[in-house]
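Okay everyone, thanks for coming. Let me put the structure up and talk you through a few places in it.

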Amino acid sequence: MAPSHAVYMDDRIADREVGNTGQRLLRPRVRYVSGPRVRYVSETTPNALLGLNEAQERVVQELGATGEQRPVFPDGLAVGLRERLTTGLQSVAANLDDSDNLFISKFLLSQVLGCEARHIHELQREFAWSVPVARGTVAHKAIELSVHWRTVPVANELVDQSIATLTNNGSPIADYLLHLPEAERAQLRSEAANSTQAFLDGFPPLRAKPQWRPAVEVRGRYEFLNSKLVLSGKVDLTLGGPTGDRSGRVFIDLKTGRRSRTHVDDLRFYALIETVRYGTPPRALASYYLDESRLSVETVSQDLLWSAADRVIAGVERHQTLLNGEDVPIYRPGIACRWCPMQSECETGKAWLAATDEDELQILS
Ligand code: SF4
């Protein structure tokens, strides 16, 4: 029998939400059986009872929001953004051939607004899979499976299933996986399993939290100007969702390796697509760095969405100008020169790398 004055921890949790109102987590509810209101719960008890480690707890703290922290954006915002995109890119659409349309992705925008010389080179280069490129695809599929796995997920099993699925579902990586030599396959399994394990260890277990409405590899698309132009993107993970016109969704991109400014711009691009598509923006954007078990979170604002629209217009206009040969590409050297396929023949890139000392390169890498 329970002693009087005992305090029970209830794993129905209160105070903060990741998703909609009523989706509660984090702070344990205390139920007093009888006697005076004395707390016997230590500071560390909640995490232990919830089974969250410190890194997982941090994710909940940084992504959670109370109802009051979920904004309602002004009427007309989505309409205004659609108008700006349509007006700003009317001339680009008009100059496309009748049978032509232009897919605008985060990759196209980050390339053309980075080093233009490299952008033009990449457009002409045939894409080739490699272990560093493939590991993200394999790990993301493994993480997607983990959200719906019915037993305790094990990274190596998830990765094996991910490779099997991607090999058999006709995805663009299928042929590469099918003909992968054993040593490269082992390397790919190892690297993808490390990323998957980092997610399982550092992120709260989503399969136990269906009320957060997790969705993985979420595609967004917005066609305009008679479908001549198409904004297209895919978010790694979303949590929560809007309630009417009240924002509630959080966009999360999973990242291996170093932080980069383009990660912020990519998420803003997704937020723009969501807004012009549904009319309600997401409330927060986050990059989750698997190697660090850390988030970088940005709150969505009107200014952010307008600047994302202007960035799309600037990038697409410049892309078409370069493609039509109306201007010469600008060389913009930076840390990306280190991995640029043109490096051996690019004097600008070689000069920048030679002038940048090793310590600075390490910090930027
Ligand atoms: S090496 Fe650097 S400057 Fe040269 S094309 Fe590549 S990214 Fe641009």
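Quick housekeeping. This is a predicted model, where local features need pLDDT of at least 70, side-chain atom pairs count only at pLDDT 80 or more, and totals for chains, interfaces and linings use all residues. Residues are numbered from 1 along each chain as its sequence is written.

So, the ligand. It has 13 residues around it, and the closest are Cys-115, Cys-337, Cys-340, Cys-346 and Gly-349; near here means a C-beta atom, placed from the backbone, within 6 Å. Helix 6 (116–124) and helix 13 (347–355) are the elements giving two or more residues to that shell. Helices are DSSP runs of H or I, at least four residues, numbered from the N terminus. By class, the shell has 9 nonpolar, 3 polar and 1 charged. Ala, Val, Leu, Ile, Met, Phe, Trp, Tyr, Cys and Pro count as nonpolar, Asp, Glu, Lys and Arg as charged, and the others, Gly among them, as polar. Domain 2 (68–328) and domain 3 (335–364) each supply at least three shell residues, with bounds from an automatic or database domain assignment.

On to the helices. Helix 3 (residues 77–88) and helix 11 (residues 261–278) cross at roughly 110 degrees, with axes coming within 8 Å. Axes are lines fitted to C-alpha atoms over the stretch in contact, and angles run from 0 to 180 degrees between N-to-C directions. That pair is therefore roughly perpendicular, a label covering 65 to 115 degrees; under 35 is roughly parallel, over 145 roughly antiparallel, and the rest oblique. Leu-77, Ala-78, Leu-81, Arg-82 and Leu-85 of helix 3 meet Leu-272, Thr-275 and Val-276 of helix 11, contact being C-beta atoms, placed from the backbone, within 7 Å.

Which residues of helix 11 meet helix 12? They are Asp-265, Arg-268, Phe-269, Ala-271, Leu-272 and Thr-275, and their partners in helix 12 include Leu-304, Ala-308 and Arg-311. Here the angle is about 100 degrees, with the axes 9 Å apart, so helix 11 and helix 12 are roughly perpendicular too. The contact has 8 nonpolar, 1 polar and 3 charged residues.

Last pair: helix 8 (residues 155–168) and helix 10 (residues 182–202) pack at about 125 degrees, axes 8 Å apart, so they're oblique.

Definitions and conventions. Two residues are in contact if their C-beta atoms, placed from the backbone, lie within 7 Å.
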